[in-house]
Amino acid sequence: MNISTSDDAARWRGRGVIARYRAYLPVAETTPVISLGEGGTPLIHSPRLSAAIGRACGVFVKYEGLNPTGSFKDRGMTVAVSKAVERGAKMLICASTGNTSASAAAYAARAGIGCAVVLPAGKIASGKMVQAVAYGARIVTIEGNFDQALEIVRALGQRDDFAIVNSINPDRIGGQKTAAFEIVEELGEAPDFHLLPVGNAGNITAYWAGYEDFCNAGKAKRRPKMIGFQAAGAAPIFRGEIVVRPETVATAIRIGKPASWSQAKRAIADSGGMIDIVSDEEILEAQRWLARGEGIFVEPASAAPIAGLLRAAGAEKVTAHFSAASIPDGSRIVCTVTGHGLKDPEALASAIAAARPVPPNETAVLRALDTARS
Ligand code: F0G
């Protein structure tokens, strides 16, 4: 696979997305830049995923878990928080399934302002909760889901005291576009397919806007087909109706009423792509597969596009789902894996609990290793 890690990319690493892509972002010379060196994440060629699809296709994983707070949210947050500070904000607010709150809390700390996060009780992966605590956010959990939390935040945002940093804030989408820029620059052209998980639908909206920007600027000649994956129990866009009680092991995308629903539909339609679903079992299987097969550990939501791709690999006929039949020979496929696996230890809790201590001698350890082979 021809992939050029250009000197240019290396030059910008660690300097943040505003420094690198200022011309494409809603910032002025006078905007204070609040950055933690986000972006510049690796685009990893994945030989086993490529082999699974076959027919000379190249699969690349954009590992967004390597951003400063472990998710893609940091790209949007640097822009949203810089703009909020420029406008004089003293307190950020967001609803979240965990990653937005971790990112908002970190960038607020960096800016020296406050951050309030409204979260669905009991449905935030522990690593993300730990982050909000560590960065000093004011945390309120509600007896309700993300959609209800976002409604409350929208209402509170009407008051002067709070600046909303959910993806309903267009500055967030602006920043998140930069991942598409990096992919085009690294591959030398847009991929044929771009697969990613969909929750509140801000990220698929942002990627599409990024690919469009680069086409308009003459930096890309084509745009990819956008393929979004929702969890089967939280699939409002796929099903075409609000899901009142969304449920999935992938808590990051446990969303029944996406804020950027119509924008996501437009991205999918304009690109000739599709929205699809994967089951919780497929998600967890893909999470293990990616960790063991490629050495890339992601949280469950991030494994959704991998699950969709692995299923496609086994489906040679055109089906209602994304299938190999719709992937031409030699295609380049990028999967965005959105968050780090360490954020959600609960997803692997049963495997960890199964490990029982043995007596401290070689025989016992060898016997245990034998039974632990899986
Ligand atoms: N993957 C991860 C790890 C996420 O945290 C999210 C969204 C998504 C995918 C979906 O992205 O919402 O732009 O379609 N997390 C939000 C949050 C909702 O509050 O952290 P989306």
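A residue counts as near a molecule or strand if one of its heavy atoms lies within 4 Å of it. Around the ligand there are 21 such residues, and the closest are Ser96, Asn200, Ala201, Asn203 and Thr338. The model is predicted, so local features need pLDDT of at least 70 and side-chain atom pairs count only at pLDDT 80 or more, while totals for chains, interfaces and linings use all residues. Residues are numbered from 1 along each chain as its sequence is written, and side-chain values use heavy atoms, with hydrogens and water left out.

A polar backbone atom of Gly199 is 2.8 Å from an oxygen atom of the ligand. For Asn200, a polar backbone atom is 2.7 Å from a ligand oxygen atom. At Asn203, a backbone N or O atom lies 2.8 Å from an oxygen atom of the ligand.

Ala201, one of the residues closest to the ligand, sits in the loop between β7 (193-197) and α10 (202-216). Helices (H or I, at least four residues) and strands (E, at least two) are DSSP runs, numbered from the N terminus. Although Ala201 is not a glycine, its phi is positive, at about 75 degrees. Buried means under 20% relative accessible area, exposed over 50%, and partly exposed in between (1.4 Å probe, protein chains only). Ala201 counts as buried because its relative accessibility is 3%. Arg55 also has a positive phi in a residue other than glycine, near 45 degrees. Its place is in the loop between α3 (47-53) and β2 (58-63), and Arg55 counts as partly exposed because its relative accessibility is 32%.

On a 1 Å grid over the protein atoms alone, a cavity is a set of points where a 1.4 Å probe fits but cannot get out, and a pocket is an open set with protein on both sides within 12 Å along at least five of seven lines; lining residues have an atom within 4 Å of a point. Grid points are joined across faces, edges and corners, and a volume is the space filled by probe spheres set on the points. The structure holds two cavities of 30 Å³ or more. The largest cavity has a volume of about 310 Å³. Its lining has 26 residues, and the closest to its centre are Phe72, Lys73, Gly199, Asn200 and Ala252. Helix α10 gives the largest share of this lining, three residues. Ala, Val, Leu, Ile, Met, Phe, Trp, Tyr, Cys and Pro count as nonpolar, Asp, Glu, Lys and Arg as charged, and the others, Gly among them, as polar. By these classes the lining of the largest cavity has eleven nonpolar, twelve polar and three charged residues. The second largest cavity, of about 40 Å³, is lined by Ala9, Arg13, Arg20, Gly40, Thr41, Glu182 and Glu186.

Of its 14 lining residues, Asp147, Gln148, Glu151, Gly256 and Lys257 are the closest to its centre. Helix α7 (residues 146-156) supplies the largest share of the lining, five residues. The second largest pocket has a volume of about 180 Å³, and its lining includes Met91, Asp160, Ala163 and Ile164.

Two sets of strands remain. Two strands pair if DSSP finds at least two bridges between them. Four strands form an open sheet in the order β5-β4-β3-β6, with parallel pairing. β5 (138-142) and β6 (163-164) stand at the edges, each with a single partner strand, so one side of each has no neighbour in the sheet. Strand β3 (residues 91-95) is joined to β4 (residues 114-120) by five bridges, and Ala95 has Val118 as its bridge partner in β4. Elsewhere, β8 (residues 225-231) runs parallel to β9, joined by five bridges. Ile227 has Met274 as its bridge partner in β9. Four of the five residues of β9 (residues 274-278) are buried.

Key:
A polar contact is a pair of N or O atoms within 3.5 Å; within protein, one must be able to donate a hydrogen and the other to accept it, and residues adjacent in sequence count only if both atoms are side-chain atoms.
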